[in-house]
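Please read it with the coordinates open.

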Amino acid sequence: MNKRQILVIDDESQIRKLLEITLSTNDFDVKLAENGLEGIRYAATFQPDLIMLDLGLPDIDGQKVLQQLREWYLNPIMILSVKSEESEIVKALDNGANDYLIKPFRTQELLARVRSHMRNHIKEASEPVITSSNFSIDLIARIVKVNNEEVKLTQTEFNLLAILAKNEGKVLTHQYLLKEIWGKSYSDQTQYLRVFVAQLRKKIEKDANHPEMILTESGIGYRFILT
Amino acid sequence: MFSRTSNPNNQYIFSIILVVLISLVCFAFKDIIGYKVIAFILLVTVSFVAMFYRIVPTLLAAVLSALIWNFFFIKPYYTFHIGNTEDKFMFFMYFVIALINAVLTFKIRQIERIANEKESKLQSIKLYNTLLDSLSHELKTPIAAIIGSTDALQSNAIMTENQKEKLLEEISIASLRLNNQVENLLNMSRLESGVIVAKMDWVDVNEIVYEVIRALKIKSYTQKIVVTATENLPLFKLDYGLTEHVIYNLLNNAIIYTPEKSTITINLSYSENTLQIIILDEGNGFPEDEIAFVFDKFYRLKNSRPGGSGLGLSIVKGFVEAQNGTVTLENRVEGGAKFIIKIKTEVSKFNPTENE
């Protein structure tokens, strides 16, 4: 089987080295670019399966690189950045990033995220049923099962869960979810989201206080993980 | 009236009033006390003004009193003309003494002020050095551990797998500690530069608490963290990130400083529009005479264990206050510390799910 290819765009040589070793020892083919221009060029040349992008690049602002890549590049883009400001992260997600990791990050976490993005991208977008060992959601029949037992969800709860599940592994911002489910005029009504997420967790998580599927991205949004 | 901070314009008015008042009193008794004694009384008045006022009002008092003395008290009266040579000489001397008086007093005060400034500067340098000492210790210890361990691993010394593992573990602990310190320093400087503006939005405080507990898992602590909350705790308008940090710092402290396997309790409740977060532990509590200082920047308890930066609690205070809240600390009667956070904010009991 062909190795999956990852392009790392980062100006810090230590980070490039670290990622090269970590990723290649985990069976990925790694390409390295040290600035934005080189990154965009390599992305076009190699068509990698995933791009890791640093936001603080010497030549072009990382957000701009992201926007330019997203004009034609469809595979997952993960942001790696030392900037932890919520507004910066939300902006990157709005610009089309699938995920973000703040430096310093743990290697295990990084690999888990990479694998989840690779897995999801192979899946066909039109697949109507999303399943794992103890969870399934049928997007057409609108049926949710936990441990093979059907769970009764309200219409809004189902819509929320469906949009999360369709974007497994991807961080969805509060604003995005509110707009998608309740409409544009609700984009700052976060209380809707908080209440429905809490309800949904009570119905599908083993322990709503320690969620394993609907994860909180502090101050930013939510991410769905198939367990 | 004589406060040094008084309005400069008032200083002119008051020094004129004072000189005129004293002169009037002297004028009433001029037949009894004689004009030479009056000269001394007026000089004392000028000195008095010099003690409290700035140089220009003092000079004004000096000139005015000299003129008054000449006009009303030296023969011939009610004219600036002076009859005999001795009086002319005395008037000249009066004038000089009054001016010297004013200038000297002013200079003394100036020197005094410079000395004061120097001393407070020295004190702040001393304080700064203590802070720098503790800070460089906290930063350099983990760096030393990392450099030392990597050197050992890179050397050709023969090591068992177990020993290698231990060195790697050291590096890992040290880098986490370093990361924590840097995070604290960055937060402190963000707080001090005033760039932190609370972004108040609806949050589920329960969710924040459990997120923090999840994040603390890598610390592999042995204490038991118990969450107790009012049933159906409503949503509150808070800054998610700041509140998360506050709870993290307090729980992290409790984990570091309380006995193994003891219980840490976090209680969430509210009344009307105030959220109350209480964190209780079963440690030794804080020395009563130091409680007032624990939220101060860089303050370390006198006999505290190494490992902290002295910033954690001051960040807690800063982040709570950025949300218009208060944080207080007291010792529990049954032993241990009790942190109480109160944030007055909007509360939402609304439940959109009921309509479905």
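1. Strand pairing at one position. B:Leu329 stands opposite B:Phe339, which belongs to strand 7 of chain B; strands here are DSSP runs of type E with at least two residues, helices are runs of H or I with at least four, and both are numbered from the N terminus. The pair sits where strand 6 (residues 325-331) and strand 7 (residues 337-344) of chain B run antiparallel, joined by 7 bridges. Two strands are taken to pair if DSSP finds at least two bridges between them. The hairpin of these strands has 5 residues between them, and B:Gly335 takes a positive phi near 100° there.

2. Basis of the values. This is a predicted model, in which local features need pLDDT of at least 70 and side-chain atom pairs count only at pLDDT 80 or more, whereas totals for chains, interfaces and linings use all residues. Residues are numbered from 1 along each chain as its sequence is written, chains are lettered from A and ligands numbered from 1 in the order in which they are written, and side-chain values use heavy atoms, with hydrogens and water left out.

3. The open sheet of chain B. Chain B also has an open sheet of 3 strands, in the order 1-3-8, with antiparallel pairing. Strand 1 (201-203) and strand 8 (347-348) of chain B are at the edges with a single partner strand each, so one side of each has no neighbour in the sheet. Strand 3 (residues 235-238) of chain B is joined to strand 8 of chain B by 2 bridges. At one position, B:Leu235 has B:Ser348 of strand 8 as its bridge partner.

4. Extent of the interface between chains. Contact (heavy atoms within 4.5 Å) links 21 residues of chain A with 22 residues of chain B. The area buried between the two chains is about 2,000 Å², and carbon and sulfur atoms give 51% of that. Buried area is the accessible area (1.4 Å probe) that two parts lose on being put together, summed over both.

5. Which residue of chain B forms a salt bridge with A:Arg194? The partner is B:Glu207, with the closest N and O atoms 3.2 Å apart. A salt bridge requires a side-chain nitrogen of Lys or Arg within 4 Å of a carboxyl oxygen of Asp or Glu. By this rule, 3 salt bridges cross the interface of chain A and chain B. There are also 10 residue pairs in polar contact between the chains, both residues being at pLDDT 80 or more. A polar contact is a pair of N or O atoms within 3.5 Å; within protein, one must be able to donate a hydrogen and the other to accept it, and residues adjacent in sequence count only if both atoms are side-chain atoms.

6. Composition of the chain A side. Helix 6 (155-166) and helix 8 (190-204) of chain A are the elements that give two or more residues to the side touching chain B. Helix 8 of chain A gives the most, with 9 residues. The residues of this side comprise 6 nonpolar, 11 polar and 4 charged. In this scheme Ala, Val, Leu, Ile, Met, Phe, Trp, Tyr, Cys and Pro count as nonpolar, Asp, Glu, Lys and Arg as charged, and the others, Gly among them, as polar.

7. A further charged pair. A:Glu86 and B:Lys199 meet through their side chains in a salt bridge (3.4 Å, N to O). A:Glu86 lies in helix 4 of chain A and B:Lys199 in the loop between helix 5 (161-192) and strand 1 of chain B, so this pair joins two chains.

8. Domains of chain A. Chain A is divided into domain 1 (4-122) and domain 2 (129-224), the bounds coming from an automatic or database domain assignment. Their centres, taken over C-alpha atoms, are separated by 26 Å. Between them the domains of chain A bury about 960 Å², 48% of it on carbon and sulfur atoms. The interface of these domains has 2 salt bridges. A:Arg119 forms a salt bridge with A:Glu168, at 3.6 Å between the closest N and O atoms.

9. Backbone geometry to inspect. A cis peptide bond, with omega about 0°, joins A:Lys103 and A:Pro104; A:Pro104 lies in the loop between strand 5 and helix 5 of chain A. Another cis peptide bond joins B:Lys75 and B:Pro76, with omega about -5°. A:Arg142 is not a glycine, yet has a positive phi of about 55°. Most residues other than glycine have a negative phi, and most peptide bonds are trans.
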